[in-house]
Amino acid sequence: MKLVKSLMAAATAVAILGAAPVAAQYKDEYRVSTVVPAPFPWGIAAERWAELVAERTDGRITMQIYPGAQLVQGEQTREFTAMRRGVIDMAVGSTINWSPQISELNVFSLPFLMPDYAALDALTQGPVGERIFELIQENGVVPLAWAENGFREVTNSQRPIRTPEDMEGLKMRVVGSPIFNDIFTALGANPTQMSWADAQPALTTGAVDGQENPLTIYSVLNMHELGQTNVTLWRYLADPLIFAVNQEVWDSFTPEDQEIVRQSAIEAGAHGIEVARAGLTDGDQSLIEEIRGYGVEVVSLTDEERQAFIDATRPVYEEWRESIGADIVDMAEESIANR
């Protein structure tokens, strides 16, 4: 009987120890990359994710946010590759910044594809979003949830923009994705690709005349003080964000902790979307009114005025349809039509 008890005790110890290595392999800190911190909606969503995970895992998983794309020396478009290689453990990243590695992500950057939030939701929450997640998974990264940076509006220091002709000759800062060069070139502007870290001093010195970003970015940074006194609301494209984890990191978590990390990302993403849209909906335009209150001229395009921009950029749309994949673009167009 003593032998039996000893064997049972040993078996129990082995079972306990057998479960321990997974938890024992957890890092003291998981590095999470973002481009901007709180109080931007992007940073708020990332922080909420880290808070929920820490609370729900009783501190087993500690996530540290590294804003400014500092884990990749400010080179935003290197973020996905760094996460795939394990240099970054996790990220709340932009579809724009990850598009150089996964060309299908450029579907969100097709000019004037998405006219409203319902259209954006139809993509991220429909078959297009599912396909995007499959592609990310195939590239060694585990996607968990969506958030958003918002619709990107155009601002400049020179003049109001109501027509494509008003863009002629403007030096515009754009992100490092080729489709942005094509869009602004088609509109007669002079696009210059640069990181956001370089963009702010360039706007201050007048090295560039304008830029395009969600109004939450404009508001938090007080960009009217950088000479950006002309804003045009044209909703030419939106900037969804994706919560994701390196595959090896993900595999190191227990199934229970994987579910906590995933569900926390979903909840943090929903909160981030709510924050990103605050003051920018048809029922609440308080953020737009706040910007007007700084003496900024805010132009809201009529349907006819917006159509002129659509027509001017249609060749870019059609050219990129093939690069992105006609199948996923067709899927996107159908989802939006049926929203």
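Me: Which residue in S8 does Thr155 stand opposite?
Reply: This is a predicted model, where local features need pLDDT of at least 70, side-chain atom pairs count only at pLDDT 80 or more, and totals for chains, interfaces and linings use all residues. Residues are numbered from 1 along each chain as its sequence is written, and side-chain values use heavy atoms, with hydrogens and water left out. Strands (E, at least two residues) and helices (H or I, at least four) are DSSP runs, numbered from the N terminus. In S8, the residue opposite Thr155 is Gln211.

Me: In what sense do S5 and S8 pair, parallel or antiparallel?
Reply: Two strands pair if DSSP finds at least two bridges between them. Strand S5 spans residues 153-156 and has 4 bridges with S8. Their sense is antiparallel.

Me: Which strand pairs with S8 in the parallel sense?
Reply: Arg173 stands opposite Gln211 in S8. The parallel pairing runs over 2 bridges. The partner is strand S6, residues 171-174.

Me: Which residues of S8 point the other way from Gly210 and Glu212?
Reply: Strand S8 covers residues 210-213, and all four named side positions are buried (under 20% relative accessible area; exposed is over 50%, partly exposed in between, with a 1.4 Å probe and protein chains only). Gly210 and Glu212 point one way. Pointing the other way are Gln211 and Asn213.

Me: Why does Asn156 count as buried?
Reply: Asn156 lies in strand S5. Leaving out residues up to four places away in sequence, Asn156 touches Ile161, Leu170 and Asp209, among others (contact means heavy atoms within 4.5 Å). Asn156 counts as buried because its relative accessibility is 1%.

Me: Which residue's backbone nitrogen lies 2.6 Å from a polar atom of the Asn156 side chain?
Reply: Asn156 belongs to strand S5. A polar atom of its side chain lies 2.6 Å from the backbone nitrogen of Gln158.

Me: Where is the cis peptide bond that has omega of about 15 degrees?
Reply: Look at the loop between strand S1 (30-33) and helix H2 (41-56), where Pro39 is placed. The cis bond joins Ala38 and Pro39.

Me: What is phi of Asn222?
Reply: Asn222 sits in the loop between helix H9 (215-220) and strand S9 (230-233). Asn222 counts as partly exposed because its relative accessibility is 27%. Its phi is positive, in a residue other than glycine, and near 50 degrees.

How values were computed: Polar contact = N/O pair within 3.5 Å; in protein donor to acceptor, adjacent residues only side chain to side chain.
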